Amino acid sequence: MISLISRGDVNVPEHAQCSPGAGARTMATDGAGPLPGLVEEFVTGQQDDRVGVAAAGVNAGQFTILQLVEALGPSLTSTQSQNRARGVQLLSQVLNECSSNLSEKEVEVLVAFYENRLKDDYLVTPHVLQGVKALTKSPAWSSGLAVSVLKSLFQDVHVQSLMLLERSCIYTILINLMESKEKELKGLGADFVFGFIQAMDGERDPRNLLLAFQIACNILQRGYELGSFTEELFEVTSCYFPIDFSPPPNDPHGITQQELILALRAVLTGTTRFAEFLLPLIIEKLDSDIQSAKLDSLQTLAACASVYGYRELKEFLPGLWSSLRREVFQTASEKIESAGLSALSAITSCLSRSVLSSDSDDALHVFLDLVIQDCRHHLCEPDLKLVWPSAKLLQAASSASHRAGHIVAAAIIPQLIEQYNNQTQASTSPSCAQRRTLLDVLQGFVQAANGGFPTDAAEDSVLCGFCEPLCEVIFSALSETSTGLQITASRILSALGRQPGLLTACHLEIAVDHLTRLILEEEDSQVCSAVLECAGSMACSHIDVFSSRMIPRLKSEIFSEPMVPEDGQEAARTQSQQAVRQRCIMALAAVSCQHSLVQETSSILLQVLASSHTGTSSFLPDDIIAACLSLQRIAEQVQDMEETGRFFHDVIIPRLLGLAVQAGLQCEGEYGSTPTKSPLMEEAVLLAIVPVMSTACARLQSQMAALTASRVVSFFLDGDTAFLPGNSLPSQPQLLQVSLVTSIMHTHTAVPGLRVEIPQVDRLLSELEELSCTSTHPFTYTSAAKCFAGLINKRSEGEALDLVLLKVMKRINVELSCTSSLLRRQAFTLLLWVTKALLVRYHPLASTLTDKMFSLLADTELSPLAADGFSLLMSHSTDVLNRACHADVRIMYRQRFFTENSSKLVEGFNLAEKDMKSGYLKALSHIVNNLPRQVQLTELPALLPLLLEALSCPDQAVQLSTLSCLHPVLLDPPPPPALTLQLDELIFRLLGLTTSPAMKVRIATLRCLHALSHFPDHMVLPFRARVLRALATPLDDHKRLVRREAVMARGEWFLLGSPGQ
């Protein structure tokens, strides 16, 4: 044992005194040495920075921690409490930095010292606790020290009389010792729990509560002995339940109410021994009028049920069910309803796990009988409000386990089917509404049985015994004219179809026939959507029946020629037949979820394109576009299997390319034929064909994208048609320079998720540059420019890229500088797309190209195009140069562009001639309109004069863009100071636009005026009379939408300044 030398009430370890010998010890004992002087400076000189010096000395081995204690002797034995506190503070702070290097003997000495210091003055206690906390981080604790420290803490310290930080120290000490000395602490038995209870009792600070809850949770989960203190531990923690805490604004600690709730919940649900206390408390709290208390109680109950067993719940089941039923029946809160249903499901799941015995009732049956008894009679009256709460309770119980599903289904589903059939015999309209309600309830039970516990064997399904009557109800509802019944029946059928083996072959055939009939006959979009969703869901599991019964009928309808009516209603009937054809085309995509179905449906869709090209069938452009969209959807939704990906790359893409090029050659009158325009050459059709191939390359077997890219490059550059079906096209590259091939190229090379190495890329760029600068067809040269930009954006930095950019810029400058050139528009289009390609990747040349764009705002011919071009530069590109296409797009490029160029735009506007200023205003409105809101507000003071000027610009596009930019700014309180200074001018400009010839401008203006009415009264009240007079005119506008906006705006201005506003 360590003997202590006492002086008054202060004890200093005897062997902490150093004997003369080694240099370091001599330094420590020498009164003139640096260590006593350092201590003196800290204790009496109040120089806190001496702590770092002392810690550095200990870490460097200049002196030991015990030598520091010896040097602190005069301070520790001082009769002044302040000096003793400063001495202990120095030691504790040094230990905080050096505790990991302590020896076992040093820890033992220091622990004994600190235990004794706990009896000292209250000024010393905080620093003692800091020292003990630092020591608990050391691994050098000998056996028995932890128990000794805890006994001293529990006996000598009244925790709740300490300040917040000191209490936090106590909890941290306990946590550290529980981590490192758990076995010793468990040896204390229930005394440790009792000491913790005393320490925590009365704690109110949320930071300390999180620590205390962590300790309590460790006690419960790590098997500490509770002894006779189970109820006391529950009481000391449950007094905070439910948590009621609102963090102060700008709380630096970031503690949330949810953190406290979860920490306390982990304690309350940490042991089954709390059940007899917690469950009555939850029932009591559920009677509270506070919504948050109810929600917390229900969520805690759900958490309890996952820990407890039937033995813990048995006594309280009637009370719990009564409270849950009341909450679900009476609440208006969706959160509380959801929590109540989750709690019921958790209780049912818990009872499902109970072990059945021959000498007792089935706990699950007994509980579910209670639930069914209280709820089933409400299902007999579908027009009453309680039908839905009752159904939700039963469905929650049913979804808890497979066994619960069987019990509830056996009691409820026959009743619902019988009631539905009884209502079907009635012909009144209330009967239809009641059947819809019954069917909706039935849908919930079917989905609950289907979603939670899928089985491979049909005989194990919850719905096995009800398949026949369910199918009768479904087929009856699908035959009705009510859209609601048809939609709900489709969803039930989809749920049944997902269970393997549940539907017989006969049921499947009837179901598919019903779905096919609805696709062909039903015009309601919601019904159509539900039917297609059902067909797609069922087709994944029942390929053969869809292949044999639905797809042939859809194909027949697609290729059937419309009949010519004789009653003069040709237009209406033709439109109806076209709608049927498009629904059939959409249905082909919906059922294409497996490779065999994909082969069938894709062949039909390709046949649609081929027939439209050859003219063998009368397909309209909308039909062709629908077929392309269906092919794209197939590529998006089908599983990425090798056989499907190969089918797209080897069959679909070559077929599309072949058809497109044949259409292009036909338009040019090849083979000596008379030029005719194929429907495939419509721009809208071309734009629909392109995404099919790009989606296939991006989503299906991307490793094949390299091969497809190589094929397309050879096709475009050399006319290599070897991979095209039939291979009947002439190998003449010039014939392939048509708009479609270009559009295919720019999308295909820009979209694939794999960074494909494009072959002959330099030659390809050269050809695209030539085509974009010389073609006279707008769609062609625009597509070529997009393709060129997509390749440039992805190309790596280096000399090769610099040479390409230098060459293309030289050509663009030559064309643009020649005002008599007929190719200036083409050169500008290429400039615009190259600028965007470089801008979004932060290329250094982007600023040079941007300056060129600004200079064109003063060009008489190209100024309108240049102004609109800034919209393209700042907006999201849907086909190329976006992240979905894996383009190189940097964050915040719009903000960077604005920061670098806003001053150039303002300067250009000020220097421009009057008739050229509109171009700068339009460019400004496009740029600002695409900026984030916060950037708009920040830059508003500098830009507001130009924006106001833009409102007076005769260009209606500029006006509309400016108004759409101002409206969000006006809605954000408080009003920006820059705006309030020019409010008079703004209102004057807006009132002038209320009579604009453009309806969209009038509507946007009225919305801005409406937003201004919410400004502070003292700012807008002087304008009230003027605005009311001006708004009288749009009240009589010939457009209803304008009148509606005028009424709302004028009403707000009329009430301006009224009491209560």
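**Entry 1: helix α12**

How many of the 11 residues of helix α12 (residues 190–200) are buried? I looked this up in the predicted model and found that eight of the 11 residues are buried, so I noted the helix as mostly covered. The buried residues of α12 are A190, F192, V193, G195, F196, I197, A199 and M200.

I then asked which helices the buried residues of α12 pack against. They pack against α9 (145–156), α10 (164–180), α11 (182–186), α13 (206–221) and α14 (230–238). An α-helix has 3.6 residues a turn, so residues three or four places apart point the same way. Just after α12, I noted that G202 takes a positive phi of about 95°.

**Entry 2: the chain as a whole**

I recorded 52 helices and two strands in the protein chain. The chain has 1061 residues, and 54% of them count as buried. Its accessible surface comes to about 45,800 Å², and carbon and sulfur atoms account for 52% of that surface.

Among contacts between residues at least 6 apart in sequence, 73% join residues at least 24 apart.

**Entry 3: confidence**

I checked the confidence of the prediction. The mean pLDDT of the protein chain is 84, and 89% of its residues reach 70 or more. Over residues 1–33, however, the pLDDT is below 50. Beyond near neighbours in sequence, this stretch has 56 contacts in the model. The pLDDT is also below 50 over residues 731–754, a stretch with 83 contacts beyond near neighbours in sequence. Where pLDDT is low, the predicted coordinates should not be read in detail. I therefore treat the contacts of such stretches with caution.

**Entry 4: aromatic rings**

My search of the whole structure found 11 aromatic pairs. A pair of aromatic rings is described by the distance of the centres and the angle of the planes. I looked at F559 and F619, whose ring centres are 5.6 Å apart and whose planes stand at 90°. The pair is edge-to-face because that angle is over 60 degrees.

Where in the chain do F559 and F619 lie? F559 is in the loop between α29 (543–558) and α30 (570–590), and F619 is in the loop between α31 (595–614) and α32 (621–637). The two residues are 60 residues apart, and the pair links distant parts of the chain. F559 has a relative accessible area of 18% and is therefore buried, the cut-off being under 20%. F619 is buried as well, at 7% relative accessibility.

I noted a cluster in which ring pairs link F154, F192 and Y224. F192 is also one of the buried residues of α12.

Two arginines were recorded over rings. The charged end of R86 sits over the ring of F42, 4.0 Å from its centre. The charged end of R1024 sits over the ring of F1054, 5.6 Å from its centre.

**Entry 5: two residues in helices**

I looked up S863, which is found in helix α42 (residues 863–874). Is S863 buried or exposed? S863 is buried, because its relative accessible area is 6%. Its side chain reaches the backbone oxygen of L857 at 2.9 Å. Leaving aside neighbours within four places in sequence, S863 is in contact with L856, L857, M916 and G919.

E643 is found in helix α33 (residues 642–667). E643 counts as partly exposed, because its relative accessibility is 44%.

**Entry 6: backbone details**

What is the form of the peptide bond from F241 to P242? The bond is cis, with omega near -5°. P242 is found in the loop between α14 and α15 (257–268).

I ended with the loop between α42 and α43 (893–911), where L881 is found. M892 is found in the loop between α42 and α43 too. Phi of L881 is near 60°, a positive value in a residue other than glycine. M892 likewise has a positive phi, of about 55°, although it is not a glycine. L881 counts as buried, because its relative accessibility is 6%. M892 is exposed, because its relative accessible area is 54%.

Technical notes:
Residues are numbered from 1 along each chain as its sequence is written. This is a predicted model: local features need pLDDT of at least 70, side-chain atom pairs count only at pLDDT 80 or more; totals for chains, interfaces and linings use all residues. Side-chain values use heavy atoms; hydrogens and water are left out. pLDDT is the predictor's confidence in each residue, from 0 to 100. Contact means heavy atoms within 4.5 Å. Rings of Phe, Tyr and Trp (its six-membered ring) pair if their centres lie within 6.5 Å; planes under 30 degrees apart count as stacked, over 60 as edge-to-face and the rest as tilted. Helices (H or I, at least four residues) and strands (E, at least two) are DSSP runs, numbered from the N terminus. Buried means under 20% relative accessible area, exposed over 50%, partly exposed in between (1.4 Å probe, protein chains only). A charge sits over a ring if NZ of Lys or CZ of Arg is within 6 Å of the ring centre and within 35 degrees of the ring normal. Accessible areas come from the Shrake-Rupley method with a 1.4 Å probe; for residues, only the protein chains shown count as cover. A polar contact is a pair of N or O atoms within 3.5 Å; within protein, one must be able to donate a hydrogen and the other to accept it, and residues adjacent in sequence count only if both atoms are side-chain atoms.
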